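Subject: Structure handover

Hello,

Here is the structure I promised to pass on. Please open it, then read my notes below.

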Amino acid sequence: MSGLFTYYPQLTNIYQAIVIILKLYASVTVNTCSLVIRVPKIHPAELALASLVQGSIERSKSANERCEARTICRMEKLLLFTPGPVNVAANVRAAVGLEDICHRELEFEDLLRSIEGRLLQLFEIRNEQDYQAVVITGSGTAANEAMLSSVVGDQNILILSNGEFGDRLHAISQVHNQNTGFIQFPWGEPINLEVVAEYLQNHQIDFIALAHHETSSGMLNPLGTIGALARVNGSALLVDCVSSAGAESIDMERDNIAFCSSSSSKAIGSYPGLSFVIGEVLEYEKLKSIPARSAYLNLYKFFEFAIGRSQTPNTPAIPLFFALDQALANILNEGVRHRRAKILRTAKILRHEMKELGLTFFLNTEDMSSVLTTVFVPPYVDIAVFRQRLREESIIIYAGKGPLKDRVFQIGNIGEFSDTDVFQFIAVLRETLNKFRIPEDAGITILSQHVPDPPMLPTVPPLSVVVNGEVIFSKTALVDSLGSDHSRTIPGDSAPVAGEITSSI
């Protein structure tokens, strides 16, 4: 015992305090580290020390309770009305601490096989024997980079973009693929198939890559029509499904999709940190002859480990695998289509209620995903103050990015929400909007339905159409939720056409 106190002197006071407090009750026997001590009667000085110790404990306990009460009051439950990360189900949260296993043993192999099979069911793959899912420890961007760095090789790829995440695909491809073409449309504008078709007629393109759901605007890009165009051209699709998987219908077999990527932390309803790629087995096998351009994100190596060993090439984040497996089980137990319908129903409720509050949307309804809604900031609202007031009510929303910064906010609806949570959000939103007041002498007229005046609507930067370095025309485009076209042709331009085309092919 004395040796223990020599190495850990701070234990001396703790031990003495315990002994003194025990003396307060009676003459007892204390068994500590197999040493039996007969406690003598209490000395007055020891009684005073015990009183001080007990008082300190009570003060500490009281302070902790006050701190805990403040925390519960402020953040009893953060409601994440975002496109990810999201509120997860209780059993997903519990799965993170399920058990400790080794990733090179049978337990992990069983877990990985379960996830792979459930992912194919989530994507409603009809011929499962022809497809393989691989799971990567990393965000959705890791899966995208694994796909773009491993698949193209010396062939030609065309990136289609109408927002931040399409632009990110282009940035990744430029790092790994010298033969990268790029057609860029304005944020919130549909991909113009005529522009794409013309490009394909003039260039040999082996792969076309795009984001299914462009989260930066909420635009859902049409995989069916783009897939059909790719098939006619003899091209294969590479699709970023990071924020659409689990919320939108994705038909890999029908739409000529060779590979698609996604993440664990969005509509699938698990935690951030895992991503995956699903592809045709025949397409995976083609990768064997393509020189690796990334050591960690070598897609063929993930495929090889998955089919040959039911393993991952590198140490996986095992607790996140347990959580993902549970989240997938939740969706399958509920029914894939039922889950999608539930997400869409929540989106419709939110959109209806926000329209009732006079809010207007960045996209036309037919272009929206069921994942989120992009909403114009009313002209009388300071977006930073608005988001802070919502946060004070434990509600988190997204701010606009890029050309939409300070002009829109985004409301996601893919988390583990109850109807009570949804209507609580609407009530807080109504109350928060009502707190914003503009004096009449400010010279700003607020319409009864809070519809922004067209000049006050956000615009995207001028869109320059470039072919082989020559600027052909420019355009700024915006269509509000009421269907009015607020497009403005830049002076000196004629017959504007959507689409910026750059190419290194």
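First, a definition: a polar contact is a pair of N or O atoms within 3.5 Å; within protein, one must be able to donate a hydrogen and the other to accept it, and residues adjacent in sequence count only if both atoms are side-chain atoms. The side chains of His-103 and Arg-104 make such a contact, at 3.5 Å.

Now the ground rules. This is a predicted model: local features need pLDDT of at least 70, side-chain atom pairs count only at pLDDT 80 or more, and totals for chains, interfaces and linings use all residues. Residues are numbered from 1 along each chain as its sequence is written, and side-chain values use heavy atoms, with hydrogens and water left out.

**Two loop residues**

His-103 sits in the loop between helix 4 (90-95) and helix 5 (106-122). Helices here are DSSP runs (H or I, at least four residues), numbered from the N terminus. The relative accessible area of His-103 is 17%, so His-103 is buried (under 20% relative accessible area, with a 1.4 Å probe and protein chains only). Beyond its neighbours within four places in sequence, His-103 is in contact with Phe-108, Gln-311, Thr-315, Pro-316 and Ile-318. Contact means heavy atoms within 4.5 Å.

Asn-298 lies in the loop between helix 10 (281-286) and helix 11 (299-309). Asn-298 is buried too, at 16% relative accessibility. Leaving aside neighbours within four places in sequence, Asn-298 touches Ser-150 and Ala-292.

**Two helix pairs**

Two packed helices are described by the angle between their axes and the distance between the axes. Axes are lines fitted to C-alpha atoms, for helices over the stretch in contact, and angles run from 0 to 180 degrees between N-to-C directions.

How do helix 12 and helix 13 cross? The axes of helix 12 (residues 318-334) and helix 13 (residues 336-356) come within 5 Å and cross at roughly 95°. That makes the two helices roughly perpendicular (65 to 115 degrees). Helix 12 brings Asn-330, Ile-331, Leu-332 and Glu-334 to the contact, and helix 13 brings Val-336, His-338, Arg-339 and Lys-342.

For helix 8 (residues 193-202) and helix 9 (residues 223-233), the axes come within 11 Å and cross at roughly 15°. These helices are therefore roughly parallel (under 35 degrees). Leu-193, Val-196, Ala-197 and Leu-200 of helix 8 meet Thr-225, Ile-226, Leu-229 and Asn-233 of helix 9.

Best wishes

Note on methods. Parallel < 35°, antiparallel > 145°, perpendicular 65-115°, else oblique. Buried < 20%, exposed > 50% of the residue type's maximum accessible area, 1.4 Å probe, protein only.
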